[in-house]
Amino acid sequence: MWAELAVTTAKVVVVALAMVTTVPIMVWVERRGAAFIQDRLGPNRVGPLGLFQPVIDVVKLIFKEDVTPAAANKGLYYLAPLISLGVAMVTFIVIPFGAGHDVSLFGVPLRGLIVAPDLNVGVLYLLAIGSLSVYGIVLAGWSSNNKYSLLGGLRSSAQLISYELAMTLAVLGVLMATGSLHLSDVVARQSGAVWHWNAVTQVIGFAVFLVAAFAETNRLPFDLAEAETELVAGYHVEYSSMKFACFFMAEYLNMATASALTVTLFFGGGTLPGVTLTGWLGLFVSTAVFVAKMCFFLWLFVWVRWSLPRFRYDQLMQLGWKGLLPLATLNLVWVGIAMTMGWLR
Amino acid sequence: MAIPTTHFVILASLLFAIGAGGVLLRRSGISILLGIELMLNAANLTLAAYSRQHGQLDGQVFVFFVMAVAAAEVAVGLALLVAIYRRIQSIDVDRLSIMRW
Amino acid sequence: MELVVFYVAAAVAVVSALVAVSHRSPVVNVLSLVVTFFCVAVNYALLGASFLAAAQILVYAGAIMVLFLFVVMLLNAPSEQPTPEPRPVQRVAGLALAAITGAGALFLLLAVRVTPGVAPIDGNAVALGRLLVGPYLFAFELISVLLLAALVGALVLVKRKH
Amino acid sequence: MSAQYIPVILAFGFAGLVAVTLVGLSWMLGRGKLRAVRKTETYESGMPLLDGSRKRVSVKFFVVAMVFIVFDVEVAFLLPWAVSVRELLAEGNKLVIVDGLVFLVLLSVGYVYLWREGAFDWSRRGSES
């Protein structure tokens, strides 16, 4: 009982801290990557290659003056960033980051590098809790008592809920092929060969999911929430110091979660086709493979951000409702037919 | 030890009473709809509790259907509120007397 | 252990439900109702209805209450002013209803003590899916008709007349 | 039965702890400095405020949220269906696909109606409120 609790706690802390660590790394990658794409230098003063820049930024943010607008609704104004960060930090517990079903720690079976292996709502937990992130944005926009914030918050939340539908429908296709809500089953079904990956068998679903993931994380080309030229900075205009950093961290955490989810759902998770390893070696290798695949998508987020221009809001909504939604439904129909015909494994 | 079904039913009855109070005593249309949602949830909780009591899943399926009905009700109810607001510039149901003569 | 979780969730649910129906600010009403629904989801989880718990959060907290919040902001609904004239009929009816349910709850508390006799069931998605396409197939299809009607009805109501 | 939720409780606790610590830290360390009144004014790119910020917004947002609710419930209903399809097909119940498709077709009637009514068009004139 206590040993199990200790192992679970350790998993929560290790995985959560690993996810949080991606934030400063991604901030650095993003700034250096942007500089690389735009043919300039980027941060290069603090530490080698400017590696310590994010650390210095965090220290600055913590010591920054904590301004609360006089017109704001105090309670909700403080609650909103907490909701955003909190939601971003609890969603990834159903994602299997690595194998290790035959490994035990202090006599307790590890059951894979996944925080909640038994949760029988599986990925539905992620979708349900993820749908709560709308509140952080709406409340931030409303409680700041600023018309730019309000408009940015409403826009952003309308965008989130629009793309959430397409995303969930794309996930449904994968769940249909798997027959289980557990993400470890989803990974197991894709093991063996590259053409078993859902990215191959459900190309449309994968495309829809990827586009929706960009929109869900509020990244360019869908960062309408903070379209600087029209809305100053969107729903967090009035936020500064660590409260602003909460939104910022939440965005990067969501990006990491979205990448991890894409890898799990469509790219075979931590499995390497043709390779079967067991024990601690299997655990380490599969985790490394998972992280490598994840890095690719994280880089894709950065790459796309600095390559594509922003959508117009009406184009965004039309893409979501008139483009992605029918495509996701089409994918569902395809999976259904393919399964009835026995084309899918 | 499993939690007795009674506990859930008592909680549900409390929530139902609070919701009903909200519906009867508030004048804002939004609050009335919120009260109705609360009452539906209380009923759902009872259904789920008795579903476990009898060891059958049918109660849970019913809860699921009630959720769909609640969603439909909210969509239409709030659309009504928006339409009313356009007409009388208020969502106070006491001021909604255009159907009276 | 489970009992502790239940008591905490129940207490939070009742308090936030009270706030939800009594607070003046509509935004606070909506938010505290979200808390209540979250606690109800915890109750579902305790009852072994794990799928319902997730669906409760997905549908109620993630969708329905967002619509409420949008409407509050859309109409810019002001805080409700204190009632100028008392409403005797409703007040009496409300008190009577509260008394009846309270008495019922008290009766349950004192008289009956039902513990689940049958082995607990697992309300997972596959089991529910089997019921939905099995005995409840007709209701399942009817739900989509209901949703269709709600969609069309709501759109007609908010549409501007030309 | 409830053991599966222990990680969830732990994760919620840890997330809450981290979030509150971060905000609390900057709240404590960021105090005690000069507090100018101008800083706490509502920010509008330095312009003096002309009007309030609580305005009625376009009814479009309501329409989007309303359509979202309906389709979200649709997805919630398709979920148990989708997850059980594999098992049911393995048992030889081929009609299960048709059940789901009928559900989808009925809703796509509503979808087509919305499309033709212009519920997805944000740029159309006269549809704002």
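## A covered helix in chain A

In this predicted model, helix α4 (residues 123-130) of chain A is mostly covered, with seven of its eight residues buried (under 20% relative accessible area, 1.4 Å probe, protein chains only). The buried residues of α4(A) are V123(A), L124(A), Y125(A), L126(A), L127(A), A128(A) and I129(A). Helices are DSSP runs (H or I, at least four residues), numbered from the N terminus.

## The interface of chain C and chain B

Chain C places 82 residues in contact with 68 residues of chain B, contact being heavy atoms within 4.5 Å. Between these chains about 6,800 Å² is buried, and carbon and sulfur atoms give 76% of that area; buried area is the accessible area (1.4 Å probe) lost on putting the two parts together, summed over both. L47(C), F68(C) and L75(C) supply 10% of the area that chain C buries against chain B, more than any other three residues.

The elements giving two or more residues to this side of chain C are α1 (2-22), α2 (26-46), α3 (50-75), α4 (88-111), α5 (125-133) and α6 (137-158) of chain C. Of these, α3(C) gives the most, with 13 residues.

Across the interface of chain C and chain B, zero salt bridges are found (a side-chain nitrogen of Lys or Arg within 4 Å of a carboxyl oxygen of Asp or Glu).

## Basis of the values

Local features need pLDDT of at least 70 and side-chain atom pairs count only at pLDDT 80 or more, whereas totals for chains, interfaces and linings use all residues. Residues are numbered from 1 along each chain as its sequence is written, chains are lettered from A in the order in which they are written, and side-chain values use heavy atoms, leaving out hydrogens and water.

Technical notes
Buried means under 20% relative accessible area, exposed over 50%, partly exposed in between (1.4 Å probe, protein chains only).
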